[in-house]
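Please open the model in a viewer and keep the sequence panel beside it.

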Amino acid sequence: MGDSNLSPFTNHQFPSPTPPTPSSSSSSSAQLNVPSTMPRPSLNLETLAPIPSFSSSSSEHVKRLINSKHYVSPSKTICFDRFIPSRSGSNFELFHIPSTPSPSSAAAGSNVSTPGGNDGGKEESPSAYAALLRDALFGTNTPDKREIPGRNIFRYRTETRQPMQSFSPYGFDDEGPGVSQSPVKAPRKVPRSPYKVLDAPALQDDFYLNLVDWSSQNVLAVGLGNCVYLWNACSSKVTKLCDLGIDDSVCSVGWAQRGTNNLAVGTFNGKVQIWDASRCKKIRNMEGHRLRVGALAWSSSVLSSGSRDKSILQRDIRSPEDFVSKLSGHKSEVCGLKWSYDNRQLASGGNDNRLFVWNQHSTQPVLKYCEHTAAVKAIAWSPHLHGLLASGGGTADRCIRFWNTTTNSHLSCMDTGSQVCNLVWSKNVNELVSTHGYSQNQIIVWRYPTMSKVQKLHLVPLPLIDECSSRSFLKCLFD
């Protein structure tokens, strides 16, 4: 049987090998011992590469394995069996671990002696220098790093270097020696005088009414007596929107949300009118309240109206009905209404010193806050933090309070010293603007949550223009 028919799974009988003759002992010792019936390979023992020793480099060993005839899977990556950590982020001197100095540093350090020359040329210890440096930077009461639990000096990744200000014993406010401070940001300048003054005759001096509102199209609506006027801030054009007649007067105005030019007008007779400001045309006239409507708030196509009759009516302008639901809970006039930015919660304030929170489907308040000691008209939801609500009290209260409606908790209180008339959150920064009546009549810009005053503006009475201006109020608009 030939060699080509040999199979590893078949038993074959081979003759005994012929013992080597003495003459061929030298040559056979260098050849492989195989049966005589099998062809002898041309490979001798001397031609085999020596077994790699431990002193050979790992890269040569891996290269030899790759270049060998052994099959290597193309998807399998050959990795080393050791991982060398990075020591660049470790400071062994602080742990009293001696480090091996480089030859250059050892030669230079042999000629350095302790200042003063009193130690007879004794070399200064690196750990002593590290201790002095640590005391100078962090103080004498700084605990040693060995006492910090879970601290691993053998870091396997170099840590990001912290700025020098974080290690300065002088803090961030005072500049220490050798430490360069970043330039301090200049405080924002708020104009102390109005850039525009509008004459507003017949503007009712009533704390419980809401007679001014600004639209997303930069148009200001003002209720003056029985009329509503529009002032376009871009063109300074003034337009008379409507006249309710001598038997009625304007008690509140409120622009719809973005995308429409609809303006809601609440009247003294308890009616709510919807006007298209772009065409100066009345769209709807809705009833339901028995007394004046002093508060309005939009939530998409739903309009909420609060009245002196102590009720809140929910009106869907898509429905033919005047209102779809009635909210009851206040014991006095409703003078403040505001929907949250996600249109899920409605906050209401009343002359009963109560602040209520309603959801979209409730007819009874889900949250009740009774900490104010005067009427709650100023209400504002934060656009930065979900569930953060600010409210301001009247003359007897003078406080701005902050609430977390998610956890139903009272967060903080700030005494402003004056009647709080309105609150508005900035949409760009975490700041709050409050307007005040009696007794200081000021406008304050607050930084939340520290409630530090960014700017405080006082409204100075301007010269009277004509003999009838004693019944007029000047509306100051600030940039």
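**The whole chain**

Residues 24 or more positions apart account for 41% of the contacts in the protein with a separation of 6 or more, a contact being heavy atoms within 4.5 Å. This is a predicted model, in which local features need pLDDT of at least 70 and side-chain atom pairs count only at pLDDT 80 or more, while totals for chains, interfaces and linings use all residues. Residues are numbered from 1 along each chain as its sequence is written, and side-chain values use heavy atoms, with hydrogens and water left out.

Colour by secondary structure, and the protein shows four helices and 26 strands; helices (H or I, at least four residues) and strands (E, at least two) are DSSP runs, numbered from the N terminus. Of the 479 residues, 34% are buried, where buried means under 20% relative accessible area, exposed over 50%, and partly exposed in between (1.4 Å probe, protein chains only). The protein exposes about 30,600 Å², of which carbon and sulfur atoms supply 54%, with areas from the Shrake-Rupley method and a 1.4 Å probe, and for residues only the protein chains shown counting as cover.

**The nonpolar cores**

Next select Val228, Leu230, Leu241, Val250, Trp255, Leu263 and Val265, which touch the most other members among the 24 residues of the largest nonpolar core. Such a core is a set of buried Ala, Val, Leu, Ile, Met, Phe, Trp, Tyr and Cys residues joined through side-chain atoms within 4.5 Å. At least two residues of this core come from each of β1 (196–201), β3 (219–224), β4 (227–232), β5, β6 and β7, and β3 gives the largest share, five residues. Centre on Leu241, whose contacts beyond four places in sequence include Val228, Leu230, Leu263 and Trp275. A second, separate core of 14 residues includes Val420, Leu423, Leu432 and Ile444.

**Two loop residues**

Move to Ser249, in the loop between β5 (238–243) and β6 (250–255). Is Ser249 buried or exposed? Ser249 counts as buried, at 18% relative accessibility, and, leaving aside residues up to four places away in sequence, its contacts include Gln204, Asn226 and Phe268.

Then select Asn269, in the loop between β7 (262–267) and β8 (272–276), which is partly exposed at 37% relative accessibility.

**Rings and charges**

Rings of Phe, Tyr and Trp (its six-membered ring) pair if their centres lie within 6.5 Å, and planes under 30 degrees apart count as stacked, over 60 as edge-to-face and the rest as tilted. The count by this rule is seven aromatic pairs. Phe207 and Tyr208 are edge-to-face, because their ring centres are 5.3 Å apart and their planes stand at 80 degrees. Phe207 is buried at 15% relative accessibility, whereas Tyr208 is partly exposed at 24%.

Now select Phe402 and Tyr448, a tilted pair with centres 4.8 Å apart and planes at 45 degrees. Phe402 lies in strand β20 (residues 399–404) and Tyr448 in the loop between β24 (442–447) and β25 (452–458), so the pair ties together parts that are 46 residues apart in sequence. Ring pairs link Phe402 and Tyr448 with Trp425 into a cluster.

Finally, show Lys377, which lies over the face of Phe207 at 5.4 Å from the ring centre, and Lys368, over the face of Phe356 at 5.8 Å. A charge sits over a ring if NZ of Lys or CZ of Arg is within 6 Å of the ring centre and within 35 degrees of the ring normal.
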